[in-house]
Every structure is written in structure tokens, then in C-alpha cells.
Amino acid sequence: MPTLFDKLGGSAAVDLAVDKFYERVLQDERINHFFANTDMVRQRAHQKAFLTYAFGGTDKYDGRHMRAAHKELVEKQGLKGEHFDAVAENLMVTLKDMGVPEELMAEVAAVAAAPQHQKDVLNQ
């Protein structure tokens with residue numbers, strides 16, 4: 001059975017989606033300030049690696065855990081649920097703009113915006 005990663009189009013599709021997603025995020029005034037001092041080349045690479053893992057493209061992920069990666073944003077910059085929702089919204093709009101079918105978007109949402117991921121990102 002194909003993974004979500006495969007159904008989305010594999011590495012090329014995830015790479016393109018991440019690039020388009022961050023173009024959108026960096027224009028979103030609700031959340032772009034969280035990336036003001038971020039090396040976006042590195043950030044994109046981390047996100048591509050994470051989504052490849054999360055969508056079943058690999059069983060290996062060497063990046064930092066969500067809690068550690070976002071701890072400073074929560075404590076020093078006030079990262080909250082509304083920001084998490086804005087990121088998820090930008091991901092969904094990106095996928096829609098790319099022509100991803102609704103059923104696959106629902107699968108992506110179930111993974112990317114899962115309640116446990118939100119708790120981890122927000123250090124709850």
C-alpha cells in the first residue's frame with residue numbers, strides 16, 4: 001500500500017510544497033515574525049526531512065524533537081495555538097493551490113495538525 005508520501009508525489013512534490021509553503025508563511029503577518037532570524041535554507045531542509053518522515057517516505061528522522069525545536073519560540077516569542085493554526089492553514093492552502101486532492105489534504109491534515117503535534121510544538 002502506498003504511503004502518503006508516495007501518494008503526494010514523493011520527494012519532488014514534498015520539496016516543492018515546502019518551498020511554496022514557506023513563501024506563503026513569510027508573507028503571513030500572523031506568523032512571519034517567528035522566522036525573522038531563521039536561516040530559511042536550513043529551515044526548509046529540516047521541514048522537508050520532517051515531512052518526508054511524517055508522511056512515510058522514510059523511517060528515519062534525525063532532527064530535533066518538536067518540543068525542543070519550538071521551546072524558545074513558546075517561552076520567548078509567545079508561540080500559541082493561533083499561530084499553530086495559521087501554519088496549518090498555510091500548509092492546506094499551499095496544497096490546495098498545488099492541486100492536491102481533498103482526500104489527500106485530509107490525510108496531510110491528520111498528520112501535520114494532529115493534536116499531539118500541536119501539544120508538542122506548544123510545549124504543553
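Student: Is the crossing of α2 and α3 right-handed or left-handed, and how do you know?

Tutor: The crossing of α2 and α3 is right-handed. A crossing counts as right-handed if the near helix is turned clockwise from the far one by less than a right angle, and as left-handed if anticlockwise. One caution: this is a predicted model, where local features need pLDDT of at least 70, side-chain atom pairs count only at pLDDT 80 or more, and totals for chains, interfaces and linings use all residues. Residues are numbered from 1 along each chain as its sequence is written, and side-chain values use heavy atoms, with hydrogens and water left out.

Student: Why are α2 and α3 called oblique to each other?

Tutor: The axes of α2 (residues 10-25) and α3 (residues 40-54) cross at roughly 130° and come within 10 Å. Angles under 35 degrees count as roughly parallel, over 145 as roughly antiparallel, 65 to 115 as roughly perpendicular, and the rest as oblique. Therefore α2 and α3 are oblique.

Student: Which residues of α5 meet which in α6?

Tutor: F84, L91, M92, L95 and K96 in α5 meet M105, V108, A109 and A112 in α6. Contact means heavy atoms within 4.5 Å. The residues of this contact divide into 8 nonpolar, no polar and 1 charged.

Terms used
Axes fitted to C-alpha atoms, helices over the stretch in contact; angles between N-to-C directions. Helix = DSSP H or I, 4+ residues; strand = E, 2+ residues; numbered from the N terminus. Nonpolar A, V, L, I, M, F, W, Y, C, P; charged D, E, K, R; others polar.
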